[in-house]
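The sequence and the structure are shown first, and the points after them are grouped by topic.

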Amino acid sequence: MVVLAASIISKSGKALVSRQFVDMSRIRIEGYLAAFPKLVGIGKQHTYIETENIRYVYQPIETLYLLLITTKQSNILEDLETLRLLSKLVPEYSYSLDEEGIGRMAFEILFAFDEVISLGQKENLTVAQVKQYCEMESHEERLHKLVLQSKINETKDVMKRKANEIDKSRIEKNRGEKGGFMSLQSMGSGRIDTGFGSDSSISSNTGGFGSGTGFGLNTEAESFSTKPKGRAPASASAPPKGLGMQLGKNQKTNQFLESLKAEGEVIVEDVRPSVGQSKPAAALPSDPVTLTVEEKLNITLKQDGGIGNFDLQGTLALHILSHSDGLIQVQIETGGNPGIQYRTHPNMNKELFSGENILGLKDPNRPFPIGAAGDGVSLLKWRMQSADESLVPLSINCWPSVSGNETYVNMEYESSPMFDLQNVVISIPLPALREVPKVQQIDGDWKYDPRKSILEWSIVLIDNSNRSGSMEFVIPAVDTSDLFPISVRFTSTSTFSDLKVVNILPLKGGNPPKYAQRTLLSAENYQVV
């Protein structure tokens, strides 16, 4: 038995994949393949065709032919067995048995052919063995990757411990400083800023603060904390006496402005906003059809455990840019959540939606409104209410304890594995403080706003690597009820409904327009009371 070539061709003789197992020119094999469709008779049940020199052994696979070209001296029974094995392998590597699917997986199919046929002779293999040989799984490689990942995780743990040690040493250093109030330098290390992850480095050569001015530390801390991120403060420090020329006009002017502020006057300062403070505008839809799935959460959690309120409201909105794409229907697929109640727009065909999950207008000759401004056209709304605490995406635990003249606050978050949360911000209200809270340990970043007296704990992303985290800070002795309500905000690309747009159905026929789907879950009112 000698197999000259194994090929997959179209009905017209176009070669999609061809593997030659003997020395053969390209012109010769292309001639054999081009002649094959002319030799195939209509209505015949044979699976082979013989010519003067070669034999074609073939099998139709949908709109294509799987073809073996052999010598006339080869064993026809072995050829049929080889063809049967190849016909089982092709669907294993190409799920779409058409020209596009075969072309996409051409190399994988060729590798499988090489495992079955070697130098024109069939190897005694099964489909499972061929797949195993092609995958080339290595136990040593898998072990090497596990060892490498463990080293990376160990290095991350060491970095985290070192960062915690540096933070603790900095806190101990600040705690050991003498004086009734903090110096401006220690205020800088306390990270009073206006953006996440950036510090307002404020230094001063003055000693005690608050003597002789009559305004106290809180006013000055607020004035410095309002400096935007990325811009150095203009008058953060005063030069020491006896070190060259001194200009006292700016200092007197600042004192005059501070006195006006203390008297209740509103002073408008020329401060340019930083880039990080400006909220980016939402990107306008650029695809011909855009469908936006948005869900908003209103949740109230109890500080002692349990859930007070769980309300979810979602919408599916449609944006269309061109009049030619207005006559369409939207086919969707829901996640099958039994607690969600769906409600269509009054102009939608309710029977079509309940029977086939297709959103279309009652009048099929009426197009959807055009335009990308605003929130689009609402096609579907849904709501879910529950008392099941396991559905909460993010749980917050706060454990304050008063010891002497200080209050130690330990906070912890736990995230549900169903959602990856982005831009998480946990806002803890504090009473009016004369000093910045002492954050001793934190997973993430923190920011203190002295004007609103709010400590914000921010985590950029919560996924499987950090489903839980904690923060510990120290403030003067306060009533623990003043630390509530705690507000939380976040976003996620996963939703409770798991609603997906399956297809866009054009009512005029032709190709469906290109569409895009946007999904957003956000916390509208999320509190721990």
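The model described here is predicted.

- T407 has a relative accessibility of 0%, and because buried means under 20%, T407 counts as buried.
- A polar atom of the T407 side chain lies 3.3 Å from the backbone oxygen of P476.
- The side chain of T407 also reaches the backbone nitrogen of V478, at 3.1 Å.
- When residues up to four places away in sequence are not counted, T407 touches P400, S401 and V402, together with F473, V474, I475, P476, A477 and V478.

**Helices α2 and α5**

- Helix α2 comprises residues 76–93 and helix α5 residues 127–135; their axes come within 10 Å and cross at roughly 50°.
- The crossing in which α2 passes α5 is right-handed.
- On the α2 side, L85, K88, L89, E92 and Y93 take part in the contact, and they meet V127, V130, K131 and C134 of α5.
- Sorted by class, the contact of α2 with α5 contains 6 nonpolar and 3 charged residues, and no polar ones.

**Helices α4 and α5**

- Helix α4, residues 106–116, packs with α5 at an angle of about 120°, and the two axes are 10 Å apart.
- This angle makes α4 oblique to α5.
- The crossing of α4 and α5 is right-handed.
- F111, A112, E115 and V116 of α4 make the contact with V130, Y133 and C134 of α5.
- By class, 6 nonpolar residues and 1 charged residue form the contact of α4 with α5, with no polar residues.

**P513 in a loop**

- P513 is located in the loop between β22 (500–506) and β23 (515–528).
- The relative accessibility of P513 is 13%, so P513 counts as buried.
- P513 and G326 are 187 residues apart along the chain, and their C-alpha atoms are separated by 9.9 Å.
- Apart from its neighbours within four places in sequence, P513 is in contact with V289, D325, I328 and I504.

Definitions and conventions:
Residues numbered from 1 in each chain as written. Predicted model: local features only at pLDDT ≥ 70, side-chain atom pairs only at ≥ 80, totals over all residues. Heavy atoms only, no water. Buried < 20%, exposed > 50% of the residue type's maximum accessible area, 1.4 Å probe, protein only. Polar contact = N/O pair within 3.5 Å; in protein donor to acceptor, adjacent residues only side chain to side chain. Contact = heavy atoms within 4.5 Å. Axes fitted to C-alpha atoms, helices over the stretch in contact; angles between N-to-C directions. Helix = DSSP H or I, 4+ residues; strand = E, 2+ residues; numbered from the N terminus. Left-handed = near helix turned anticlockwise from the far one by under 90°. Nonpolar A, V, L, I, M, F, W, Y, C, P; charged D, E, K, R; others polar. Parallel < 35°, antiparallel > 145°, perpendicular 65-115°, else oblique.
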